[in-house]
There are 2 protein chains.
Amino acid sequence: MRAEIIAVGTELLLGQIANTNAQFMSQKLAEIGIGVYFHTVVGDNAERLTQVIRLAAGRSDLVIFTGGLGPTQDDLTKETVAEHVGVELVTDRPAMQHIEDFFLQRGIVMTENNRKQALVLAGSHVFANDFGMAPGMAIRHDSTTFVLLPGPPSELYPMVERYVMPYLTSLLPEQQVFHSRVFRFYGIGESALEERLLDLIEKQDNPTIAPYAKEFEVTLRVTARAATAEEGEALILPVENEIRNRVGQYIYGTGEDSSLHQVLVEELRTRGESIACAESCTGGTVASLITSVPGSSAVFRGGIVCYTNEVKNQVLGVPEEVLDTDGAVSETTAKLLAEQVREKLGSTYGVSVTGVAGPDPSEGKPVGLVYVGIAAEGLPTVVKELRLAGKRRAIVGRAAKFALFYALQMQKER
Amino acid sequence: MRAEIIAVGTELLLGQIANTNAQFMSQKLAEIGIGVYFHTVVGDNAERLTQVIRLAAGRSDLVIFTGGLGPTQDDLTKETVAEHVGVELVTDRPAMQHIEDFFLQRGIVMTENNRKQALVLAGSHVFANDFGMAPGMAIRHDSTTFVLLPGPPSELYPMVERYVMPYLTSLLPEQQVFHSRVFRFYGIGESALEERLLDLIEKQDNPTIAPYAKEFEVTLRVTARAATAEEGEALILPVENEIRNRVGQYIYGTGEDSSLHQVLVEELRTRGESIACAESCTGGTVASLITSVPGSSAVFRGGIVCYTNEVKNQVLGVPEEVLDTDGAVSETTAKLLAEQVREKLGSTYGVSVTGVAGPDPSEGKPVGLVYVGIAAEGLPTVVKELRLAGKRRAIVGRAAKFALFYALQMQKER
């Protein structure tokens with residue numbers, strides 16, 4: 001089944017909001033194996049919307065609209081689809097009741113334009129809106145199914161989860177599932193990864209292999225199409241083995257919600273260990289990544305952002321001689337910071353990051369030079385030297401991720 | 001001039017990322033008065049991309065592509081546009097040099113597929129990529145201008161600001177300038193702001209008024225279209241006065257690059273003051289916002305992420321009795337944390353944040369309850385109680401911004 005998603009709303013074309021509805025719908029459709037081939041955004045304009053509807057009807061089996069179901073003059077998705085399909089708009093009784101109740105309960109006088117929200121395409125399948133007024137609906141015409149959904153995410157998401165997904169699943173011609181596995185890499189770039197897997201990627205069909213880079217990490221998604229999850233798994237397994245043979249040392253985890261910080265927090269929790277960090281150039285980014293994970297308080301002792309030499313010296317005890325001779329950006333400082341923060345905050349691991357984030361060099365050291373120190377209970381402290389490219393934000397982001405990655409590696413040695 | 005934006009990438013159709021590039025480009029085009037009529041997302045597929053290009057060429061004067069310029073097999077925007085336009089791809093010497101230098105400087109062997117990134121459409125106008133490898137380009141064909149830009153936002157944004165905007169402005173049919181001013185708000189929501197300015201927004205024409213929310217701040221852009229910057233300024237002035245009359249107390253700054261942390265760092269620098277922070281629930285976010293500003297090392301002393309009560313007690317000296325009776329999330333703790341971190345790190349201001357980020361309540365206190373403390377040299381410490389809505393990420397983000405906002409307010413009193 002070929003699907004496409006059409007978002008209706010001038011605010012999207014003005015850049016006032018991002019089209020996160022299309023992202024959400026794409027994820028939901030991917031889950032049940034419906035392939036999405038296009039996203040379109042069109043403004044609140046009947047003529048252009050009509051063009052878009054005709055084009056979509058000609059190339060897709062399933063066309064999902066978001067937005068344009070509200071009470072105002074601007075909202076014309078229903079009207080325009082009704083014209084294309086050749087049906088009237090009729091009042092949906094339950095929806096009208098729901099709207100009247102809404103105003104009654106709040107003691108507000110209902111303005112006339114709210115009645116418009118209860119109108120649906122005659123003969124359509126109606127989806128209740130439990131968190132708003134305008135219902136959604138689905139109608140089939142000339143072998144294309146049109147699904148009209150509200151724009152506000154707070155109304156769209158629950159409507160889709162509760163009512164639209166069961167409806168769409170019922171449309172699927174044969175029972176097939178999309179079974180996928182996400183591999184998460186660190187320490188290898190997207191293009192280097194692809195080079196190592198080029199022949200696999202080129203001959204891909206089922207399963208498909210898709211690498212992508214996001215938030216300074218690289219991810220590879222392998223997706224199999226099969227009758228059952230077990231058959232899908234059987235298709236993925238040989239590909240997974242081959243990937244692990246070639247680039248297994250860079251894989252730090254699998255799964256959708258498993259960024260480096262999530263995997264690290266989970267590992268620490270499982271092992272009953274804790275971590276603390278001393279950050280100079282990353283300025284709190286390592287700590288904020290770790291603490292972005294719910295439940296991190298069980299494993300994160302705390303962090304010290306030692307942006308100045310005084311703090312490195314006074315709070316973390318790096319001797320002035322070291323700061324004067326080796327410098328704040330040095331292997332020795334990184335080592336001491338990691339060890340001191342671990343000791344001071346009483347954690348299993350101490351992680352430090354010190355470097356030059358730019359835009360200007362510091363201590364005569366180049367932008368992008370970063371030292372990451374990892375101290376662990378009962379093991380010698382390790383310091384890694386990095387030469388990172390990019391702007392300040394990218395250097396900070398990558399350095400923080402490297403710190404998490406090295407902490408994970410250190411964990412394997414304990 | 002009618003424009004449309006085409007994003008190329010299967011990861012968008014799978015819902016792995018949202019099309020924020022289209023949002024960014026729409027905002028940039030709106031600034032110079034170019035109307036965007038469609039956004040399209042298409043996968044890494046030559047046939048469907050060709051269809052989309054033909055459709056766009058037939059209806060738009062300006063077609064902007066993002067994505068698909070990388071080194072991999074998937075990346076085929078250049079190849080497909082070249083075929084539509086009927087030109088060859090040729091190596092751009094400066095781009096090739098830039099790529100070779102990149103690998104040389106890092107001492108990494110360049111893989112062969114990276115050469116592909118230096119290919120451009122013969123006869124096109126090339127935009128340098130200062131933060132990545134693939135250059136952008138523009139070419140005119142049959143009265144349509146095609147602009148091809150890289151997908152990663154870290155490469156796209158600076159390329160657009162530096163090179164693409166001047167190029168696009170030069171395409172505008174008559175000499176006109178777009179003169180705009182951005183007002184930055186805190187402490188008022190987007191819809192409340194819009195409500196207060198509704199009549200102005202509704203009758204807008206020249207200047208236009210566009211509110212939008214971004215990264216937990218609200219921004220209002222007023223843009224005038226005029227023959228000269230002076231005339232534009234004259235159009236903006238009365239609107240600015242009216243806005244300041246109505247909602248001036250929420251304006252903390254003006255300008256493009258002036259998020260709360262940038263304004264705060266700039267103010268501190270001008271006044272020769274410094275700041276330090278003690279963070280519990282924000283977990284390093286305040287520190288990382290401050291240190292994201294280049295040059296912040298002149299004003300930022302450091303931060304302590306006191307995630308556990310032990311660190312609050314041992315490193316920052318909050319008495320155990322206070323933690324036991326008032327709790328870690330309390331006015332007293334916030335006050336002590338702000339004062340202690342200021343004293344310990346020797347800064348003009350000390351800022352603290354302690355609260356419940358969720359997902360679960362803590363100490364019997366509800367998710368979203370946050371205390372922000374601001375200590376300043378020579379002034380009584382102030383503590384603000386916040387009740388924030390949203391998920392963990394939003395609560396942390398808003399709490400951190402409130403901390404910066406209150407620090408700015410405190411600064412006005414010194």
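**Exercise 1. Find how many residues of chain A are in contact with chain B, and describe the interface.**

Step 1. Start with the count: 61 residues of chain A are in contact with 66 residues of chain B, where contact means heavy atoms within 4.5 Å. Before going on, note that this is a predicted model, in which local features need pLDDT of at least 70 and side-chain atom pairs count only at pLDDT 80 or more, while totals for chains, interfaces and linings use all residues. Residues are numbered from 1 along each chain as its sequence is written, chains are lettered from A in the order in which they are written, and side-chain values use heavy atoms, with hydrogens and water left out.

Step 2. Turn to area. Chain A and chain B bury about 5,400 Å² between them, and 58% of it lies on carbon and sulfur atoms. Buried area here is the accessible area (1.4 Å probe) that two parts lose on being put together, summed over both.

Step 3. Look for charged partners. Two salt bridges cross the interface of chain A and chain B; the term stands for a side-chain nitrogen of Lys or Arg within 4 Å of a carboxyl oxygen of Asp or Glu. A:R301 and B:E310 meet in a salt bridge through their side chains, at 3.7 Å from N to O.

Step 4. See where chain A's side comes from. Its largest share, seven residues, belongs to strand β2 (residues 35-42) of chain A. Strands (E, at least two residues) and helices (H or I, at least four) are DSSP runs, numbered from the N terminus. By class, the side of chain A that touches chain B has 27 nonpolar, 23 polar and eleven charged residues. Ala, Val, Leu, Ile, Met, Phe, Trp, Tyr, Cys and Pro count as nonpolar, Asp, Glu, Lys and Arg as charged, and the others, Gly among them, as polar.

**Exercise 2. Work out how strand β2 of chain A pairs with strand β2 of chain B.**

Step 1. The two strands pair in the antiparallel sense over five bridges. Pairing requires that DSSP finds at least two bridges between the strands.

Step 2. Now pick out one position: A:H39 stands opposite B:V41 in β2(B).

**Exercise 3. Describe how domain 2 of chain A meets domain 3 of chain A.**

Step 1. Chain A is divided into domain 1 (2-171), domain 2 (177-254) and domain 3 (260-413), with bounds from an automatic or database domain assignment. Six residues from domain 2 and ten residues from domain 3 take part in their contact.

Step 2. Domain 2 and domain 3 of chain A bury about 910 Å² between them, 66% of it on carbon and sulfur atoms. On the domain 2 side, A:Y186, A:F216 and A:Y252 lose the most area to domain 3, together 71% of what that side buries.

Step 3. The interface of domain 2 and domain 3 of chain A has one salt bridge. The side chains of A:K401 and A:E217 meet in a salt bridge at 2.7 Å, N to O.
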